[in-house]
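I opened a new model today and kept notes as I clicked through. Here is what I looked up, in order.

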Amino acid sequence: MMHKWFWFGNDLGNFLLPGYNVVTTSSFFCTCLGLTALAILYEGMKILQIKLQQSTTMLIQKQMPRTSENSSLLSKISSKSIGTQLPLHCTYWSAWSFQVLHWSIHTFLGYILMLAVMSYNVYINIALVLGGSIGYWIFGPKLIELNMKRFYQKQNMLDCDKECADNSINYEGQGSTVSVVTDQLITEAAVDVHMPIGI
């Protein structure tokens with residue numbers, strides 16, 4: 001029976017899969033426990049996804065060709081150069097394939113949990129919220145730590161020194177940090193061209 005409002009009870013009938021009948025109290029209790037475990041797993045898989053992204057990023061950085069100092073700074077700024085300069089290596093593609101597989105399983109698990117919520121059973125929803133809360137309590141601090149590391153890595157990508165930071169403050173409202181760094185590089189190049197050889 002399809003419900004369109006929240007209801008109490010343990011007779012779910014066919015639940016999620018054809019042939020999986022939940023009609024007894026014991027089967028209903030086991031279903032709630034299983035959904036709680038899936039909700040905890042869903043939260044834990046978020047950490048694995050970030051770690052897989054970090055390992056793939058490290059592989060990309062190792063495969064990038066070494067260039068001069070100025071062009072390497074510009075290549076860090078330009079995200080388009082990453083995709084065009086990478087050679088196709090087996091290690092990169094195997095890591096990327098595993099990351100895509102993990103993302104697919106994580107997304108599929110999310111849809112399963114969403115379909116369980118759409119049963120509108122109060123006990124099922126309590127089990128899912130409880131599982132998500134336990135999962136976040138276990139994996140939340142690590143997830144916050146990994147997100148902060150990613151934030152600091154992105155912040156340090158430009159390798160700005162104090163002068164660059166001062167320029168970005170002075171140029172506030174006139175452009176982004178990327179344009180400030182680009183202007184600084186153009187100015188340095190112009191000074192090198194017009195500087196007398198004897199100096």
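**Entry 1: the whole chain.** I began with burial, and 28% of the 199 residues of the protein chain count as buried. I reminded myself that this is a predicted model.

**Entry 2: the elements.** I looked up the secondary structure and found 7 helices and 2 strands. Walking from the N terminus, I read the order as β-β-α-α-α-α-α-α-α. Then I checked contacts between residues at least 6 apart in sequence: 69% of them join residues at least 24 apart.

**Entry 3: Gly-13.** I picked this glycine in strand 1, which covers residues 13-14. Is Gly-13 buried or exposed? Its relative accessibility is 19%, and the cut-off for buried is under 20%, so Gly-13 counts as buried. Skipping neighbours within four places in sequence, I found Gly-13 in contact with Tyr-20, Asn-21 and Val-22. I also took the C-alpha to C-alpha distance from Gly-13 to Thr-24: 9.5 Å in space, for 11 residues in sequence.

**Entry 4: the core.** Next I went for the largest nonpolar core, which has 12 residues. Among them are Trp-7, Phe-15, Val-22, Phe-28, Cys-32, Leu-113 and Ile-124. Which elements give two or more residues to this core? I noted helix 1 (25-63), helix 4 (90-117) and helix 5 (122-155). I zoomed in on Leu-113, leaving out residues up to four places away in sequence, and saw that Leu-113 touches Leu-35, Leu-38, Ala-39, Tyr-42 and Leu-128.

**Entry 5: helix 4.** I wanted to check the length of this helix. It has 28 residues, so at 1.5 Å a residue it should span 40 Å. The C-alpha atoms at its ends are 41 Å apart, which agrees. I then listed the buried residues of helix 4: Tyr-92, Ala-95, Gln-99, His-102, His-106, Leu-109, Gly-110, Leu-113 and Ala-116.

**Entry 6: a nonpolar patch.** Last, I turned to the surface. I found a nonpolar patch made of Leu-16, Leu-17, Tyr-20, Tyr-111, Met-114, Leu-115 and Met-118. Together these residues have about 680 Å² of accessible area. Where is Met-118 found? I traced Met-118 to the loop between helix 4 and helix 5. Met-118 has 40% relative accessibility, so I wrote it down as partly exposed. Tyr-20 was already in my notes as a contact of Gly-13.

Conventions. Residues numbered from 1 in each chain as written. Predicted model: local features only at pLDDT ≥ 70, side-chain atom pairs only at ≥ 80, totals over all residues. Heavy atoms only, no water. Core = buried A, V, L, I, M, F, W, Y, C linked by side-chain atoms within 4.5 Å. Buried < 20%, exposed > 50% of the residue type's maximum accessible area, 1.4 Å probe, protein only. Helix = DSSP H or I, 4+ residues; strand = E, 2+ residues; numbered from the N terminus. Contact = heavy atoms within 4.5 Å. Patch = residues over 30% accessible without salt bridge, like charges linked within 9 Å, V, L, I, M, F, W, Y side chains within 5 Å. Areas by Shrake-Rupley, 256 points an atom, 1.4 Å probe, with all protein chains shown as cover. Salt bridge = Lys/Arg side-chain N within 4 Å of Asp/Glu carboxyl O. Expected span 1.5 Å × (residues − 1).
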